[in-house]
Amino acid sequence: MRKTVNCGVLVVGAGHAGAALAAALRRRGYAGSILLASDEPHLPYERPPLSKASLLDAEPSSRLLQPEAFWTDPGIELALGCRVERIAIARHGAVLSDGRSIRYEWCVLATGARARQLTCPGATLDGTHVLRTLADAQRLRQALGSARNVVVIGAGYVGLEVAASARSMGKTVSVVEAQPRVLSRVTSPPVSEFFEAVHRRNGVALHLGKGVSALEGERRVRAVTLTDGTRLPADVVVVGIGIEAETALAEQAGIACHGGVLVDSHFRTSAPGVLAIGDCSRHPNDFAGGMWRLESVQHAQDSASGAALTILGQAQAYQDVPTFWSEQYDLRMQSAGIAKDADDMVIRGDIRQGPFSVVYLREGRMIAIDAVNNAREFMAARKLIHCRTTIDRAMVNDSSVSLKAFA
Ligand code: FAD
């Protein structure tokens, strides 16, 4: 017979969102018991350093999301290396891989996402890596140690960060991207051009607008062949072609999913007593327009705070400006808002050297910003986007006028 355990909140996944939820519940005085099940073996850690500073360390580690002592709270159980195998909505029940049966009041899905895999011939050859977990980073770092030629497939944030890290380690680095420009999913052409120039200056060979037809090698990868016939020698291949929301558990339980677990502005799913937060969830976002699945630490943390309020019976409709950041070489890009519906764009500062910002407007209101080494403008713009203030374009165009002046 399975042992049945009662808990107040069962959190599935202890990444940024799950760990932040436990902290938010405690901070706000939640008195019930909290059980976090994590299928990873490590104490909850930060993912962003894995493609940046940590990858340069001989033994990649990552900062803990909470100090170790936090997890000794008697009201919180962190079950490491433990998967939630299934949930049974009608009886508020779940089954864990350690054999326990759970009866919960609330279940919060914080299952994150998994790295999308290549599907071309040779995709599973040794030497081919994805980067999502600390274990992935440790494997990749070990492989990079003896590698000469590194091929990164995908020029999104993670791909370009890995390329910058590998260049800092003195590797020969090529980046392959099917779209005609880098970061095409997340920023505008001028910002893409800036980053392309930065990578070229740092010795990265960019192959844009080209797909991958095969990875070659017998057991180990030796080369990457592109759709135009180009053959790139490779000791290590890093696949950074995006992520897929981890929705299997929700789907199996009959919870509505569509490119993520669908939630309302209080993070409630279609199932009573079940919430979803972080990368796995898709929520209504007024600032971005429509339903969005955001992949960022800020969203993981904010959605965790929102879910904590829902559990405590103090639900507030979630509305926050999405923010993101990336670090490549000595550059830090911070972005706020979503620029997809912009009808105007203003470049402030020196877009060839930095620092600079690109401000995106719609109907006279600032809706987004990309700020490179320009934290002050980022902070000011975030407030302006939040307040939906109408602003004078001529003034925005004048880089000598601080964005703070518009607040
Ligand atoms: P995750 O952190 O993915 O955590 C989900 C956890 O749930 C995982 O541990 C998973 O194994 C576990 N899990 C899944 N299913 C189950 C189950 N059935 N039972 C038990 N456990 C389960 N964001 C930024 O804002 N800035 C950055 O610079 C940045 N850089 C990044 C660099 C890298 C290399 C990566 C991988 C991500 C980066 N991100 C960055 C994105 C950011 O890390 C994610 O948005 C954030 O981790 C999302 O948190 P989450 O808790 O929703 O998901």
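These legends walk you through a predicted model, from the overall fold to one helix.

**Figure 1. The whole chain and its secondary structure.** Welcome to the overview: 9 helices and 25 strands make up the secondary structure, where helices (H or I, at least four residues) and strands (E, at least two) are DSSP runs numbered from the N terminus. The radius of gyration, 22 Å, is close to the 22 Å that the globule rule gives for 407 residues, so the chain is as compact as a globular protein of that length. That radius is taken over C-alpha atoms, and the rule is 2.2 Å times the number of residues to the power 0.38.

**Figure 2. Inside the chain.** Of the 407 residues, 54% count as buried, meaning under 20% relative accessible area with a 1.4 Å probe, protein chains only. Take contacts (heavy atoms within 4.5 Å) between residues at least 6 apart in sequence: 61% of these join residues at least 24 apart.

**Figure 3. Helix α8 and its cover.** Helix α8 spans residues 375-387 and reaches 19 Å from its first C-alpha to its last, close to the 18 Å expected at 1.5 Å a residue; the expected span is 1.5 Å times one less than the number of residues. Its buried residues include F378, A381, L384 and I385. Among the elements covering the buried residues of α8 are β21 (323-328), β23 (344-349) and β25 (365-372).

**Figure 4. Just past the helix.** Directly after α8, look for R388, which takes a positive phi of about 55 degrees.

**Notes.** Residues are numbered from 1 along each chain as its sequence is written. Local features need pLDDT of at least 70, side-chain atom pairs count only at pLDDT 80 or more, and totals for chains, interfaces and linings use all residues, while side-chain values use heavy atoms, leaving out hydrogens and water.

Note on methods: Buried means under 20% relative accessible area, exposed over 50%, partly exposed in between (1.4 Å probe, protein chains only).
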